[in-house]
Amino acid sequence: MTDDLDDLRKAMKAATPAPDASAKANNIALAQKNFADLQGSGAVARPKSNRIWTGVKAMFSTMTTRGGLVASTALIAIGFVALNPQLLEFGAQPEAVTLPASVDPEPLEMAAEDRFTGAVVLEEAAPAGTLAAPQATSKRLQRTAESYDWPETRIYPQPAPRPSIVLPDADALTPGPVIEGDTEAFPEAAATPLKITAEEPVSTFSIDVDTTSYAVVRNSLMNGQLPPREAVRVEEMVNYFPYAYPAPVGDAPFQPTVTAAETPWNPGTQLVHIGLQGAEVTERPPLNLVFLIDTSGSMQAANKLPLLKQSFRLMLSQLRPEDEVSIVTYAGSAGQVLEPTPAGERSVILAALDRLEAGGGTAGQAGLQQAYDVAKGMSAEGEVSRVILATDGDFNVGLSDPDALKDFIADKRDSGTYLSVLGFGRGNLDDATMQALAQNGNGQAAYIDTLSEAQKVLVDQLTGALFPIVDDVKVQVEFNPARIAEYRLIGYETRALRREDFNNDRVDAGEIGAGHTVTAIYEVTPVGSDAVLSDPLRYGDAVAGDPEAEIGFLKLRYKAPGEDESALIETVLPEVSELGSEAQFAVAIAGFAQLLRDESAVLDWDYADAIALANGAKGDDPFGYRAEAVSLMRLAQSLSE
Amino acid sequence: MRMTTDDRSLGLAAAGGDAAAFASLLERHYDRMFGLAFRLTGIQAEAEDLTQDICAALPSKIRAYRGEAAFSTWLYRVVVNAAHDRRRRQATHRKAAQGWGDWEVNRVAANAEAADAQDWLQTAMASLPETLRDTLALVLDDMNHAEVGAVMGISEGTVSWRVSEAKKHLRALKEKETT
């Protein structure tokens with residue numbers, strides 16, 4: 001061939017990278033797993049008639065909307081015909097394969113064969129093109145990164161996509177099982193690594209009251225899929241639940257309670273459970289709320305804008321006449337659709353809500369600026385102002401310059417305006433951006449997938465969500481290396497702080513709302529335990545510290561709202577005792593979350609253990625949150641088998 | 001024993017459900033598969049994702065392998081089709097989410113610029129129409145025109161014509177660069 005092609009060939013050879021070794025290993029493992037799943041448990045081919053029915057059954061169980069059921073009925077009718085020939089061919093195939101004698105190139109007739117039978121069937125069965133279900137063996141493939149063969153699944157892989165089921169949106173007002181493609185972005189954080197006390201005796205982090213992760217996990221499980229690992233954040237799962245920790249006495253804004261006990265998933269380690277209980281407020285200051293509502297085209301789905309309207313309607317009933325509400329929308333352009341209006345004028349506010357319609361692109365930054373301006377105009381001495389951003393994550397603000405956005409939010413935070421982020425819908429939920437916004441804006445991120453979740457976030461826990469009683473709460477624990485060999489903070493990966501940041505009042509941290517509880521759990525390995533993972537150093541110094549002293553020391557810093565200087569609380573970590581039932585439930589959830597993340601720390605534990613532990617600690621559970629958690633554990637247990 | 005078995009026999013065994021045969025085929029062909037994925041996409045991350053897609057789907061695809069073509073030809077065809085499907089889905093996605101799409105287009109443009117600066121190859125490949133680019137990706141993989149034709153489902157003559165078209169494009173590009 002000629003020179004110009006040779007050049008190109010050389011350049012191409014040089015440019016082609018070697019495949020990433022770990023990706024290669026993963027991909028090969030994935031392929032082999034899928035292969036094995038496809039064959040059933042044995043490696044040898046055998047008739048597969050059962051599989052088809054199992055598959056159809058699995059498909060049924062993952063579809064609950066009316067549209068989905070109608071479509072799947074059609075699928076069976078056509079699917080059976082289409083799968084049958086395959087059945088005949090493969091089912092009847094003898095185990096010994098006859099090989100053709102020669103290796104001559106033949107003309108190809110691959111075009112038709114090259115599509116999956118399943119996919120072709122689906123395309124025919126659902127001409128609207130909105131229904132894409134996994135092929136017949138769907139259930140077993142659910143943990144895999146399979147995404148190739150489903151038409152209309154939108155792929156934009158940030159983390160490796162897990163399979164998704166696309167159901168038609170037509171069945172309005174059933175905000176359950178709609179999962180769209182994969183433009184979801186979750187912050188990437190590996191589990192906090194095990195720390196060796198002698199090397200790093202101090203652990204520092206900011207508290208976190210976000211609950212997004214639990215709702216996302218629930219949504220995934222309810223749809224019959226294990227959630228993506230990176231969507232599971234242990235601390236958000238744990239902090240989703242209200243706990244009845246001992247309440248503060250006197251004027252104290254919150255009360256820390258620390259307990260140590262044996263670890264349920266590892267007999268050689270102990271857990272240090274730290275529970276913070278915020279004080280209830282009886283008198284609350286007037287509230288200025290600016291709803292910043294994403295009305296871009298993607299919000300059209302039933303589980304987005306319509307659910308949002310219903311949610312805010314619920315919330316309105318919780319407001320008092322002296323509170324004020326304003327609505328700013330952002331789509332193609334930002335605009336104020338409701339002037340600041342006293343919450344007493346319900347009909348005016350409701351009418352404005354009803355007028356909202358989805359359409360257009362997303363101009364998030366302009367919207368955010370306007371919302372903050374409105375909030376500033378509304379605020380007066382002694383009032384609390386908060387911007388509530390409701391979005392599905394198509395929040396393309398500052399994508400040109402994310403740092404400028406963070407600075408902008410952080411700047412507004414100093415002005416005293418809080419920010420809450422409510423996520424709606426799945427599919428392009430930009431969890432990472434939501435997290436970043438809420439963390440930088442003194443706020444809370446929650447994910448609303450159903451009206452009952454709206455009830456929890458916006459009605460039952462409204463006061464806590466809207467009225468911070470302490471700002472910038474930081475936790476620092478120093479372990480005694482003579483008592484504790486190793487420790488591990490469970491969760492809070494995205495909340496780690498540097499040791500020196502603890503005393504730096506300019507460094508931002510999380511808030512505690514009125515009546516909120518916050519839980520953090522350490523897993524610690526005592527010196528001399530069988531479970532110590534690291535060997536002592538041959539040349540290192542003997543470990544310092546006093547073996548007679550306590551196992552560690554806890555310090556908490558917090559600021560009263562509006563204050564610049566922090567206050568300090570200090571306490572000694574207690575010796576091992578029994579966990580109270582509240583703490584025990586938190587531990588069960590922490591274990592469950594780690595199981596979902598496939599973490600090595602809980603290798604010897606399984607969902608059944610988590611269920612048993614949680615069931616023994618359900619407590620009063622007036623809202624049924626804990627019962628729901630147990631049923632999610634049971635779902636995860638079935639799905640992971 | 002297994003190691004000396006030819007790809008076609010392994011392919012047929014895998015089609016019949018032999019996991020060991022499937023595993024050794026994957027082991028043998030993974031790197032070439034990835035290489036082609038890279039040539040088709042031009043971006044390592046894309047190539048990784050594409051290879052993952054293919055690996056996920058291969059087990060059910062291989063059941064349709066009848067040994068009518070050499071296994072590598074068949075496999076290459078799977079890769080090319082997967083790349084097409086992927087592009088098509090991404091195009092639909094971009095159309096569906098406008099705001100995101102614009103941003104994505106800008107981002108891709110910015111990336112392309114950075115890559116251009118250091119990489120003539122990128123520019124050259126990017127300047128070609130899709131069909132020519134795909135053809136070239138296979139030709140550069142040291143396949144002859146007949147094989148490329150078999151993979152793409154077109155005649156050998158068409159492949160040769162496309163290659164000469166691609167060369168014309170590249171020559172024009174070179175001229176533009178030197179002037």
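What percentage of the 179 residues in chain B do buried residues make up? They make up 47%, a residue being buried if 20 or more other C-beta atoms, placed from the backbone, lie within 10 Å of its own, exposed if 12 or fewer do, and partly exposed in between. The model is predicted, so that local features need pLDDT of at least 70 and side-chain atom pairs count only at pLDDT 80 or more, while totals for chains, interfaces and linings use all residues. Residues are numbered from 1 along each chain as its sequence is written, and chains are lettered from A and ligands numbered from 1 in the order in which they are written.

**Helices of chain B**

Chain B has nine helices and zero strands, where helices (H or I, at least four residues) and strands (E, at least two) are DSSP runs numbered from the N terminus. Among the contacts in chain B with a separation of 6 or more, 60% are between residues 24 or more positions apart; two residues are in contact if their C-beta atoms, placed from the backbone, lie within 7 Å.

Two packed helices are described by the angle between their axes and the distance between the axes. Axes here are lines fitted to C-alpha atoms, for helices over the stretch in contact, and angles run from 0 to 180 degrees between N-to-C directions.

| Helix pair in chain B | Angle | Axis distance |
|---|---|---|
| Helix 1 (residues 7–15) and helix 2 (residues 19–41) | about 135° | 7 Å |
| Helix 7 (residues 130–139) and helix 8 (residues 145–152) | about 130° | 10 Å |

Helix 1 of chain B passes helix 2 of chain B in a left-handed crossing, meaning that the near helix is turned anticlockwise from the far one by less than a right angle, whereas clockwise would be right-handed. The contact is made by Asp7(B), Leu10(B), Gly11(B), Ala13(B) and Ala14(B) of helix 1 with Ala21(B), Phe22(B), Ser24(B) and Leu25(B) of helix 2.

The crossing of helix 7 of chain B and helix 8 of chain B is right-handed. Here Thr135(B), Leu138(B) and Val139(B) in helix 7 meet Val148(B), Val151(B) and Met152(B) in helix 8. Six of the eight residues of helix 8 of chain B are buried, so this helix is largely enclosed by the rest of the structure; the buried residues are Glu147(B), Val148(B), Gly149(B), Ala150(B), Val151(B) and Met152(B). Helix 8 of chain B is followed by Gly153(B), whose phi is positive, near 70°.

**A sheet and a loop of chain A**

In chain A, five strands form an open sheet in the order 1-12-14-4-3 with antiparallel pairing, two strands being paired if DSSP finds at least two bridges between them. Strand 1 (195–196) and strand 3 (254–263) of chain A stand at the edges, each with a single partner strand, so one side of each is left without a neighbour in the sheet. Strand 12 (residues 484–490) and strand 14 (residues 517–526) of chain A run antiparallel and are joined by six bridges, and the bridge partner of Arg488(A) in strand 14 is Glu523(A). Helix 17 (residues 581–596) of chain A packs on the sheet, touching strand 3, strand 4 (266–278), strand 12 and strand 14.

Asp621(A) is found in the loop between helix 18 (607–615) and helix 19 (625–639) of chain A. Asp621(A) is partly exposed, with 16 other C-beta atoms within 10 Å. Not counting residues up to four places away in sequence, Asp621(A) touches Arg626(A) and Ala627(A). The C-alpha atoms of Asp621(A) and Tyr243(A) are separated by 9.3 Å, although these residues are 378 residues apart along the chain.
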